[in-house]
Amino acid sequence: IETSGDEADDFYPAIRAQIIKTGDGWVGLGYSLDELMADSFAVISTDGNTPEKYELTGRTTPVLLDDSFQTLVDASTEVVDGDLVMSFTKTLAEDDEVEIGQSGTDWGFFLFAYGDGSLALHDTRDAIAIDLSPVCDPDATPSPTPLPTYSIAPTAGSTCESDDADYDFALELNGISGLTFYWRILEGDDVPDGLESPALRGRLLKQGGGYSAIAASEDSLMPGSDAIIGEEGSVPEKYELTGRSDSDVSRLGDASQTLAEASCETIEIDGVEYLDCQWVKQMEESGEIPIVAGMNTFLFAIGSSSLGYHDSRIAADIDLLTCASSIDNIKGVSSSAIKVHGMLMMAAWAYAAPLGVIFARIKSLCLRAGLFKQWLYAHMFVQLTAIVLTAAGFAKAYQAIKKADGIDHLTYRHPKLGVGVMVSAIIQLIMGIVRPHPPHKGEAKSIARYAFEGLHRLFGYGGIVLAVVTMLSGVEKAYELRHISAKSPWNTAVIVPVVVTVFVLIATTVYIFVTQPPADKPYDEVAKAAEKTISTDDVDVEQEEDKDEEDK
């Protein structure tokens, strides 16, 4: 610890540090108040480069801080006798960074990590509490101070007393009826063979059969969490959670199945059946969210049948040393809102939009019948209806997701496709408003008119195809997340009207081709007059007299 030197007075006190790593690669020194990477800062040297400061936001790749934060002094990295030597001097207290404590009363934890090659997931890591206060003998080398001794004691007024002698605490989880979490921190010889100290002995006691699950989380969300799941008739195992659906819950490989004394059995207490799952887990394991002897964020979920979408779930912050806790019921997406969203989108894109395409296709038949403007009015009406329904369905989904806890609007493929459908609808509306009018009699069709007709058809048919794909993917996702109980009625509601539309379009096209060959188009001028929404009586006179008003 340096208290003075060549730098400005506000630079001190500072820590002068040197880390020596066998072999090349990279090495990092971080500082944390809770032994976790998240919300910590680190000094890292990569590929022999000068050490720089990084922000650790979680277990992902560290973020290099901008130049205004790069305040290290005498920073260097060199290879000495094949070893990587990183040196630097850093102010103990800097704005917007975790302050490095000097004494045992305010210490935090130094995080050490290193790896071979470029900066990536570390080969090895550790957290050590070190007392940096000066020693009496300046020639003495201070030894790392061991981590503080765990003090197991419930908080005052706690209702966490365990009725099982194998556990120190038992917490009834409000929000999940009939589920109790038991635990004890094991150290030294109490830790089962094959595991390193400390370890957590855990038990989930659930009323009824099915399954129970606990997951360590960094943000109260399922994605990125590490779970232990116990099912009736099998032993608890470790799973990785990458999302909210069934397919996002993946059993870890056999090499990662390190639970000890794991069991799940059905027991009876006072005539009531319970699922009793117990296990011992090493509190810190490579590649997994560490469990600390202090405050942790856990997710709990239960199901009444085999492993699948949970009946209930909560997020709980639990201090494993004192049993201090806070529990939040996780609000999911409303199933009724999702159903309304689906029905609105189907009404728009399985019924209204295809009907609008049919009206456009029978244009020439309407003209033959003397219905000069009706086809256009019908086409515009149903397409505007489709846009209104799309906007309403979009808004309903947005509102439902916004009210739910911890769900991003664009997490899955379906909402991304939905945005594409909404964009195509808006583009169609804009093109319809600013479309170039057909040429006057005797004039050639403009390039803008050709472009409009091509793009209008492209976005029209393309939008419907995209919408069909989106609706079918939405049905699949809604079923996967248990918002609907069966897929077939919803899929039928999408597929049948689309198939009917395709049949009508093909039949109409064939009929028009047979009765009016492409070379013979006697109704072109009438069609243009109708589309320009002018009177069909004495068309030439109307075009000349009202040209300015029509353009306006």
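Me: Before we start, how is "buried" defined here?
Reply: Buried means under 20% relative accessible area, exposed means over 50%, and partly exposed lies in between (1.4 Å probe, protein chains only). Cys264 and Cys277 are both buried. A word on the source: this is a predicted model, in which local features need pLDDT of at least 70 and side-chain atom pairs count only at pLDDT 80 or more, while totals for chains, interfaces and linings use all residues. Residues are numbered from 1 along each chain as its sequence is written, and side-chain values use heavy atoms, with hydrogens and water left out.

Me: Why is Cys366 called buried?
Reply: Its relative accessible area is 11%, and the limit is under 20%, so Cys366 counts as buried.

Me: What makes Cys264 and Cys277 a disulfide?
Reply: Their sulfur atoms are 1.9 Å apart, and a disulfide is a pair of cysteine sulfur atoms within 2.5 Å, so the pair qualifies. The link of Cys264 and Cys277 is right-handed, with 110° about the S-S bond.

Me: Why are helix 4 and helix 5 called roughly antiparallel?
Reply: Helix 4 (residues 413-434) and helix 5 (residues 447-480) pack at an angle of about 155°. Angles under 35 degrees count as roughly parallel, over 145 as roughly antiparallel, 65 to 115 as roughly perpendicular and the rest as oblique, so this pair is roughly antiparallel.

Key:
Axes fitted to C-alpha atoms, helices over the stretch in contact; angles between N-to-C directions. Helix = DSSP H or I, 4+ residues; strand = E, 2+ residues; numbered from the N terminus.
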